[in-house]
Amino acid sequence: MKLETWNLIFEIMNKVYFIADNIISSLGFTTSENIDAIEKQITGINKISDKTLYQQPFYASQIKNVFLCNEFSKLSDYKEYTKFEKMCILSITDAINKIDIEFTTPDTLFILSTTKGNIDLLNLNCCPTVSRERAYLWKTAEIIKNYFNFYNTPIVVSNACISGVIAIITASRLIEQGLYKNIIVCGADILTEFVISGFQSFMALSPQICKPFDINRNGLNLGEGCGTIILSNKPNKENNIIYCAGAITNDANHISGPSRTAEGLSIAINKAIKQSDTNLNENNCFVSAHGTATPYNDEMEAIAFERNKINNFPTVGLKGYFGHTLGAAGVIESIASIHSLKSNIIHSTLGFEEHGVSIPVNIVTKTTEKENEFCIKVASGFGGCNATAIFQKI
Amino acid sequence: MIKLVAKKLVRNISNNIISKSCRITNNTIIVNDKLLFENNNVPFNVFIKNAYKYFINNYPKFFKMDNLSKLGIIAVELLSDEFKSIDGKEIGVVLVNSASSLDADQTFQKTIVKDNYFPSPSVFVYTLPNIVIGEICIKHKIYGESSFFVSQNFDSTFIYNIVCDLFSRQGINTAIVGWLDFIDNDYLASLCIIKKISQQKSNYNEMINFTIENFNNTIKNDI
């Protein structure tokens, strides 16, 4: 095919606008509550003593069930839905209410991003009246879909810690192709004995509040949370951020350890930057890192940043606020990045004190006013998977 | 109007082919509609071990894997001659199932009950459905786009759209795509290789065009 034809296709490809969002976490039930807390450098991570979750006290970011049920009872009977479903329904409701669009039509798709969904239902003592079928992720998505009367069968992305970024990339590609007008991406995961015991068996949990990219970092904190972002082929007044590029790769190296050469993440960043076809530099772009605060992850990311010569870009890690919210992380952190671009404020990497990776990375240490045009969001996860999305202010 | 033209162009250039398919279910392995392996009246773990010995036999990592990964590794092995000479960065993997990693989840759940609490990282790591993609990528040195989706049934239209986009805009020219599900000893692997038409070699006797209908017929996930 001729180059001109290709150019034609690219030119008239739909743009993808981020038109509304919501974050639910221990820091609050709206995006603005969460962003305010981040700007004030307040953490949502606390010491939790709950033997139904773990024998010893541990640090995590937890949404109080009482608050959740209170908020939810304004919408519907809280007893009919699991904690996971309540978070998703509340979050989607808040995002949808911000805009005047009909979402029950065939041109709207709902994508759920989660690693474990209602995994707590495998414990037979949990929610005994709820059908065990809801441990199936598609069933959970269907329950949420039915609540909102969405038209299409939902899609579930379950791709470890990059699920949220894959969900946003997938949604953007479907809109670019003209297949849908609006896509609601909701990412969520909850704190469960299942996930805590698993990460603990990996010795991946920090005995304190996590310290991304710090010399003394010693593991991650888990968190529960939910982020909803609505993507559309049409802009609305207050929103001027678009999806610019995205790539997904695999390390082909190890199922639980990050690649020592950062192969997969390097390729993902490289592909996304090439696809963006823009001149990204430390003055117009910042990086939203995955930054779990495990020794190997942060080191791997630093290598990938250096290989792409972006390690001098202002770099932010948000795990010190929310913990690692797994399937929600990519969505929540993308929403925070989008608000950073909008408000010209770069967030700080809470927990970071002394530089602790082998490559110099320009870690942002306090909330800073700075105008940026682009954000590179990266994520990596078990299974050797990596994703990069680039957002742009227009 | 101009958008319609573009959509048509995208569709036309996506005139790709389904070059090979593999189906594993009910103790049988079928490749391109031909029965390659059968091991009746044995449980899955015996069946899949025998299939491993017959088709691979030099990859001891296989024995550490969970059921879903074993199923995926064998199915992809039987398709691998289709992408052996392709650059790993240009190969994509898109898998779908209904039960996510619930089989491994149930195994792990049994290790965290009261009075029998011994969670192990080697079991926990498989409690994510995309781990099988990681295993496939490690074995075949695949660095390209990979995603795992969960739905009750195989949504061929959705996956078709995803694959067309990989081919037209994401630098992928070969995709390993399909359904891979394991739960309560019920299992079905139904995978195929999709190739960009420019990759086509003349020695394909039976060429199947990559259309939604052909794709759906190839995968048919009725257990």
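The questions below go from domains to chains to single residues.

Author: This is a predicted model, in which local features need pLDDT of at least 70, side-chain atom pairs count only at pLDDT 80 or more, and totals for chains, interfaces and linings use all residues. Residues are numbered from 1 along each chain as its sequence is written, while chains are lettered from A and ligands numbered from 1 in the order in which they are written.

Reader: How many Å separate the centres of domain 1 and domain 2 of chain A?

Author: Chain A is assigned domain 1 (13-232) and domain 2 (241-393). Such bounds come from an automatic or database domain assignment. Taken over C-alpha atoms, the separation of the two centres is 20 Å.

Reader: Which element gives the largest share of the side of domain 1 of chain A that touches domain 2 of chain A?

Author: Contact is judged on C-beta atoms, placed from the backbone, that lie within 7 Å. Domain 1 of chain A puts in 59 residues and domain 2 of chain A puts in 57 residues. Elements giving two or more residues on the domain 1 side include β1 (17-24), α2 (31-39) and β8 (225-232) of chain A; helices (H or I, at least four residues) and strands (E, at least two) are DSSP runs, numbered from the N terminus. The largest share, 8 residues, belongs to α6(A).

Reader: How many charged residues are on the side of chain A that touches chain B?

Author: The contact joins 47 residues of chain A to 51 residues of chain B. On the chain A side, α7(A) gives the most, with 5 residues. Nonpolar means Ala, Val, Leu, Ile, Met, Phe, Trp, Tyr, Cys and Pro, charged means Asp, Glu, Lys and Arg, and the others, Gly among them, are polar. That side divides into 25 nonpolar, 18 polar and, for the charged residues, 4.

Reader: Which residue of β7(A) stands opposite Ala60(A)?

Author: Ala60(A) and Phe58(A) lie on one side of β3(A), Tyr59(A) and Ser61(A) on the other, and all are buried (20 or more other C-beta atoms within 10 Å; exposed is 12 or fewer, partly exposed in between; C-beta atoms are placed from the backbone). β2(A) pairs with β3(A) in the antiparallel sense over 4 bridges, with Ile48(A) opposite Phe58(A). β7(A) pairs with β3(A) in the parallel sense over 2 bridges. There, the residue opposite Ala60(A) is Leu222(A).

Reader: Which residue just after α6(B) takes a positive phi?

Author: α6 (residues 131-140) of chain B is mostly covered, with 8 of its 10 residues buried. Among them are Glu135(B), Cys137(B) and His140(B). The cover includes β9 and β15 (385-393) of chain A, and α3 (67-77) of chain B. Just after the helix, a positive phi of about 50 degrees is taken by Lys141(B).

Reader: Is Gly225(A) buried or exposed?

Author: Gly225(A) lies in β8 of chain A. Not counting residues up to four places away in sequence, Gly225(A) touches residues including Ile24(A), Ser61(A) and Phe322(A). Because 32 other C-beta atoms lie within 10 Å, Gly225(A) is buried.

Conventions:
Two residues are in contact if their C-beta atoms, placed from the backbone, lie within 7 Å. Two strands pair if DSSP finds at least two bridges between them.
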